[in-house]
Amino acid sequence: MNRKLLLAPAAGLLLCCFGCQDTVNTVENEPQEPVSNIRDVRVVTDKFLRDRLIIRSVRMATAASGNQVAEVAATNARTGVFSQAWSGITGENPYTVAYKFVWMDEAGMAVETNLSAWRTVQIKPGETVFFKSVAPNARCRDFLLNLKESD
Amino acid sequence: MKFRLLLLPAAALAALLSSCATDSHYVDATDTTVAVKNKNRMSSSDWVVITQDAGNALLASPLFEEYLEAYRIDAEAALKEAEAAGEKITTREKLTAMKPLLMLSTIQNNTSEHIDSKLLTERLREILFNSGKVRFTTYAAGEGQSIDAATAQARQLKNDPNIKKRTALKKGTVHAYDLSLAGVIIKQTAQDGRNNEMSYTFNLTLTDNSTGEGVWTYSKEIKRQHKQGALSW
């Protein structure tokens, strides 16, 4: 009897947690090509960020102007009851991430322009965002995306 | 023991003095994540955000690129025609004539705030110019934009006896602009209890001044929210 009495509030709490979930479901067509169209190199100094924000693809294309366009798709993986509950307690739902693109010229030197600025984006659990940037000129071939958790 | 007793008030005084000190330091002006934002007015970071978004849209616009390509073909034909008619084309003109000349026109301020739209227009002009897509003029500009009076003043120097006549600039050499950047900024606010919302909508257009047709248009709303403290007024 006592055990049943203990189980009831636990079940209620669990139900409450499920009810509090505010995640995003997505549907997409099955990609016909490999998701990333370039090879990328990642330097991870924050493993929490790496695990919470999953990089899905890194793509580059040439715009009509001849300028390169970079797009990085990332999904907030902080779904599930415990992640949701913890995010709620720590005030990290939605998850806020800061990002900054830096473009490099043909010599590999960073090109500083008004297009290069730290920005924040709020990402709901399960949501996929696309970090996108256009190269400041047609001579830029490479890019670097900085990512960090925002305070 | 006495020495320690003396140290305590000294440490307390040092802590007090350090907490009273004001610290002024440089920060990254393009870092919108740490920028201090005005609750009810446009802030420096808002200009950074709109410049970045509009700049990205402009540099990737296929329709604007179509216009630039058509302009290049027309300019090349016009130069050949002028040369055939005996007009002397300078080397500088040959180098630059394939790109349209941009003029910063008026950004209408439909907010109750004093807004210096140069914080947007001059940054966008810099992005466009450094991308190699356009030239820009400082001879003519819309209301609220900067004009460099030196071009007109330089032509008056020919009457100055100290000026070498050969170096005096002639009339009829300033280029007319081809493109103009104009727009409007609209502010909207909303309040529900202690929740406040403020947004700025930027509508920007690039117009081909030879036809009066728009070649690029962009709208972006920047929205910020804040919750007023229960005890604040």
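**View 1. Burial and fold of chain A.** Of the 151 residues in chain A, 36% are buried, where buried means under 20% relative accessible area, exposed means over 50%, and partly exposed covers what lies in between (1.4 Å probe, protein chains only). What you see is a predicted model, in which local features need pLDDT of at least 70 and side-chain atom pairs count only at pLDDT 80 or more, while totals for chains, interfaces and linings use all residues. Residues are numbered from 1 along each chain as its sequence is written, chains are lettered from A and ligands numbered from 1 in the order in which they are written, and side-chain values use heavy atoms, with hydrogens and water left out. Chain A has three helices and seven strands, in the order α-α-β-β-α-β-β-β-β-β from the N terminus. Here helices (H or I, at least four residues) and strands (E, at least two) are DSSP runs, numbered from the N terminus. Among the contacts in chain A with a separation of 6 or more, 65% join residues 24 or more positions apart; contact means heavy atoms within 4.5 Å.

**View 2. Where chain A meets chain B.** Chain A brings 20 residues to the contact and chain B brings 22 residues. The area buried between the two chains is about 1700 Å², with 51% from carbon and sulfur atoms; buried area is the accessible area (1.4 Å probe) that two parts lose on being put together, summed over both. On the chain A side, Asn114(A), Leu115(A) and Arg119(A) lose the most area to chain B, together 39% of what that side buries.

**View 3. A salt bridge across the interface.** Between chain A and chain B there is one salt bridge, a term for a side-chain nitrogen of Lys or Arg within 4 Å of a carboxyl oxygen of Asp or Glu. Look for the side chains of Arg119(A) and Asp53(B), which meet at 2.9 Å, N to O. Strand 3 (95-104), strand 5 (119-123) and strand 6 (128-134) of chain A are the elements that give two or more residues to the side touching chain B. Strand 6 of chain A gives the most, with three residues. A salt-bridge network links Arg119(A), Asp53(B) and Lys220(B).

**View 4. The surroundings of Asp46(B).** Asp46(B) sits in helix 2 (residues 44-59) of chain B and is buried, with a relative accessible area of 3%. Its side chain reaches the backbone nitrogen of Ser43(B) at 2.9 Å. The side chains of Asp46(B) and Arg224(B) are joined by a polar contact of 2.8 Å, that is, a pair of N or O atoms within 3.5 Å; within protein, one must be able to donate a hydrogen and the other to accept it, and residues adjacent in sequence count only if both atoms are side-chain atoms. Neighbours within four places in sequence aside, Asp46(B) is in contact with Arg41(B), Tyr200(B), Ile222(B) and Arg224(B).

View 5. The side chains of Glu149(A) and Arg52(A) meet in a salt bridge (2.7 Å, N to O). This pair links distant parts of the chain, with Glu149(A) in strand 7 (residues 142-149) and Arg52(A) in helix 2 (residues 47-52), 97 residues apart. Glu149(A) is partly exposed at 22% relative accessibility, whereas Arg52(A) is buried at 18%.
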